[in-house]
Amino acid sequence: DKLIEIASKGSENLLKETEEKLKRVLSEKGENFNFELPDTAYGLPLIYALEGFKINNLSEIKKFFEGIKGQLSQTTDIVTFALNYLYISEISVTLDYITSSQSEPFYGFLGDTIQRTLGVQLVDGRIPAVAVLLGRLEDDKLLSIVKELQEKRILTFLIGPVADEFVKTGERYGFEAYIVPVGTETEHTVFVIDWAVRASLIFGGQTAGDKDAIIDYVRKRVNAFAIAFGNLNERAVAMALGAAVLAIPVITDQSLPDVSIPEIAEYPLLTSEKELSKIVRKAIETRGLKIVVEKPPIPVSYGPAFEGERVRKEDTFIEFGGQKTPAFEWVRMMEASEVEDEKVEIIGTDWCSRYEQGGRMPLGIIVNVAGKKMQKDFEPVIERQIHTFINEAEGLWHIGQRDINWIRISKKAKQAGISLEHLGLIIMSMTKARFRSIVDRVEVLLYVDEKDVLELREEARKEYRKRDLRLASLVDEEVEEFYSCLLCQSFAPKHVCVITPERPGLCGAFTWLDAKAAYEIEPTGGNQPVQKGELIDPVYGRYSGVDEYVKKHSGGEIETINLYSIMENPMTSCGCFECIVAVVPEANGVLIVNRGYSGMTPIGMKFSTIAGMIGGGVQTPGFMGVGVNYITSRKFLKGDGGIKRIVWMPKELKERIKENFQKRAEEEGVPDLLQKIADETVCEDVECLIDYLSQVGHPALEMEPII
Ligand code: SF4
Ligand code: NI
Ligand code: NI
C-alpha cells in the first residue's frame with residue numbers, strides 16, 4: 001500500500017500549507033470576514049453537500065478546519081481520509097480565492113448557473129461524460145486528445161500545466177467548446193468535484209449533510225473520469241483517492257501497479273495506459289461508458305463542441321442568405337416513391353466554379369423526407385435541426401431558419417476540403433441518423449440559381465404560413481394527449497415535466513411537437529404520451545389523466561398538479577428551468593427572473609438562491625420553474641390571473657419576449673403592460689416596487705388577493 005503512504009504524505013503536506021494560508025488570511029481579514037464564492041447558494045459546496053455545514057465566513061472555515069485536522073491524523077478509515085483531503089483542498093482554493101480572486105483566463109470556481117444551463121445536455125446524453133485532464137503534455141499531443149474528447153461530446157476540464165498549455169495554443173475554449181481551463185494547481189480539481197457534487201442538490205433534491213445518499217447519487221449519476229499526464233506527485237495521488245470515492249477513475253500515462261481499494265471503488269485507484277492514442281478509450285472503458293459518435297462524412301471535426309463557434313466576416317470564404325442573397329430551408333414530407341434515398345443534388349448553372357470563387361451565392365435547401373412513421377407535424381421539428389446539423393461542423397456557421405437563414409463556410413473549412421456537396425451531405429446523413437425511426441428516405445436538393453431560389457422560396461413561404469396557422473390552433477383543449485418528459489429523472493428522480501401545446505418544458509428544450517416527435521423517434525425514451533382523462537378544472541388546468549400519470553411517475557410523491565397555477569399544486573421543478581416565477585405578496589403579483597440574470601430581485605434573493613430552494617421534483621407553491629416561452633402562452637398562470645400578475649422582470653428578459661408579449665398584452669386589454677412591469681433599472685427592492693406599480697397603475701394591484 002505504497003500509494004496510500006504517498007497519499008498520506010501529500011495530505012500532510014497540503015494540511016501544513018493550508019494551515020499557514022489560513023493563519024495569514026485570518027490575520028489579514030479577521031475572523032468575522034464574510035465571503036461568498038461566486039454564483040453559488042451552497043457555501044463551500046463540497047463541504048456543505050457532504051457535511052451539511054454551510055461556510056460563509058472565516059471563523060467557520062477555521063472551526064471546520066480544526067475539526068478535520070484532528071481527524072486526519074487519527075483516522076484509519078480510508079473513505080474518511082479521502083474526503084478530508086478533498087475538504088482541505090476546497091478550503092485551500094477558497095482561501096486563495098479570498099485573497100487574490102480569480103485569474104483570467106482560468107475559470108476557477110464553477111458556479112451554479114452553468115450547472116443548471118448544462119442540465120439538459122447532461123441528462124439527454126448530449127454530454128455523455130465529464131473529463132478532467134491534469135498534468136503536463138506537449139501541445140500537439142494535448143490538442144489531439146482534446147479533439148478526440150470534443151468529438152465524443154465529453155465536457156473536459158483542464159487543470160495544472162495542461163490548462164496553461166491549452167490557453168497558449170489560441171484554440172477556442174469555454175463551456176460551449178466543451179473545453180474549460182479551470183486552474184493551474186492540482187487542488188483546483190476540487191472545483192470540478194464540488195461542481196459534480198452540486199448536481200445532487202440542484203437536481204437531485206438531496207438534503208445537504210446526507211453524506212451517503214449524496215455520494216451514492218454522484219457515483220450513479222455523474223459520469224466522470226480523470227486523465228493524468230506525466231509524473232504524479234504526492235498530492236495528485238491523494239486527489240485521485242478523493243476522486244475515487246465519487247467513482248471518478250484516474251487514468252495515467254505512467255506505468256504503475258494496479259492498486260485496488262475495494263472499500264472505495266470497483267476499479268483500480270490508478271489505471272495505466274501508456275499509449276496516448278488509446279488513453280481516452282481506456283478511460284471510457286474503465287468508467288463503463290458507451291459513447292456513440294455520429295459524424296457525417298466530411299473533412300472537418302464535428303460535434304456540439306463546434307456548434308457555438310462563430311465564423312466572422314473576415315474569416316468567411318462563402319456565405320448564403322443573411323438578407324444578402326435569397327435563401328431558405330424547407331423540409332417537406334413526400335411519398336416514398338418520390339424520394340431517392342441519400343441523394344444530394346446541386347442544381348444551378350456553373351455551380352462548381354461559382355463556389356470555388358467564394359463570396360456569396362443564393363441557396364435554396366429542400367430536404368425531402370419519407371417514412372412510414374413520418375407526419376406532417378414533424379416537418380418543422382426536423383427543419384429546426386438543420387441549424388444544429390450545420391453548426392456542429394467545424395468552420396461552418398448557421399443562424400436563423402426558414403427564409404431568414406444565413407450560412408457561412410470559413411476559409412479554413414474550405415482549405416480542409418469542404419465543398420458545396422458536403423453541406424448537403426451533412427444535412428442528409430444527420431437527418432437520417434438523428435431521425436432514423438421516423439425517416440426512411442432523405443434527399444437533399446440545393447438550388448443555387450437566383451431565379452430558382454426565388455420561385456421555390458414563394459412555395460416554401462406558403463407552407464410556412466400554413467404551419468403557423470396549424471401551430472396557432474394547437475391548444476391544450478384540442479389535442480388528444482399531452483406528453484411527459486422524464487429525461488431529468490436521471491438527475492431529479494421525482495420530477496415529471498408535463499408538456500402541453502400551451503406549456504412547453506421548463507428547460508425550453510421541448511415543445512409539445514418536439515416531445516411528440518421524440519416519442520415517435522424513440523417510443524421507449526424520455527417522452528411519453530399522457531392521456532388527458534377528464535378535464536377537472538379548465539381554469540387551473542387540472543386533468544385526471546395528468547394527475548394519474550404524475551402520481552405514478554413521481555413515485556407516488558405528487559398527488560395532483562395544476563398546469564396553470566403557481567399557487568395551488570403547481571408543477572414541480574428539476575433544476576434546469578430557464579426562468580423562475582415567484583410570488584411577491586406585497587405586490588399581489590409575481591416576478592420572473594431568468595437564469596442568466598445575476599442581480600438582486602425585489603424579494604431579496606438572487607436567482608441562484610431562489611433556485612436552490614425549489615429543485616428536485618418538489619412542489620413549492622409560490623415558486624415555479626418555467627420555460628421562457630410559457631410566459632407568453634394564453635395558459636400562463638391562467639388560474640392565478642395570467643400575465644397581468646407579472647410585476648417585475650429583468651430588462652434582458654423583457655427584451656427577449658417583447659414581440660409575443662405585446663400581442664398577449666393587447667389580447668388581455670392592457671397594451672402597455674410591458675412598460676408597467678418594473679425591472680432592475682426601476683427597482684431592486686419591494687418598497688420601491690410597490691411605489692412604482694401604484695404610480696403607473698399596474699393591474700395586479702386591482703386584482704383579487706393572490707394569496
Ligand atoms: Fe428536463 Fe423537463 Fe426539459 Fe425534459 S422538458 S429535459 S424533464 S426540464
Ligand atoms: Ni460550426
Ligand atoms: Ni431538468
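Author: A393 is buried, at 0% relative accessibility, where buried means under 20% relative accessible area, exposed over 50% and partly exposed in between, with a 1.4 Å probe and protein chains only. This is a predicted model, in which local features need pLDDT of at least 70, side-chain atom pairs count only at pLDDT 80 or more, and totals for chains, interfaces and linings use all residues. Residues are numbered from 1 along each chain as its sequence is written, chains are lettered from A and ligands numbered from 1 in the order in which they are written, and side-chain values use heavy atoms, with hydrogens and water left out.

A393 gives its O to the nickel ion (ligand 2), which is also coordinated by F306 (O), E309 (OE), N391 (O) and L396 (O), at 2.2 to 2.7 Å. Donors here are N, O and S atoms within 2.8 Å of the metal (3.2 Å for Na, K and Ca); water is not among the atoms, so sites may look incomplete. Along the chain, the donors of the nickel ion (ligand 2) have the spacing F-x2-E-x81-N-x1-A-x2-L. F306 sits in the loop between helix 11 (276-286) and strand 7 (316-321), and A393 in the loop between helix 13 (379-391) and strand 12 (396-399), so the pair ties together parts that are 87 residues apart in sequence. Helices (H or I, at least four residues) and strands (E, at least two) are DSSP runs, numbered from the N terminus. F306 is buried too, with a relative accessible area of 3%.

Helix 6 (139-151) and helix 14 (411-415) each supply at least two lining residues; helix 6 gives the most, with four. By class, the lining has eight nonpolar, four polar and 10 charged residues, with Ala, Val, Leu, Ile, Met, Phe, Trp, Tyr, Cys and Pro counted as nonpolar, Asp, Glu, Lys and Arg as charged, and the others, Gly among them, as polar.
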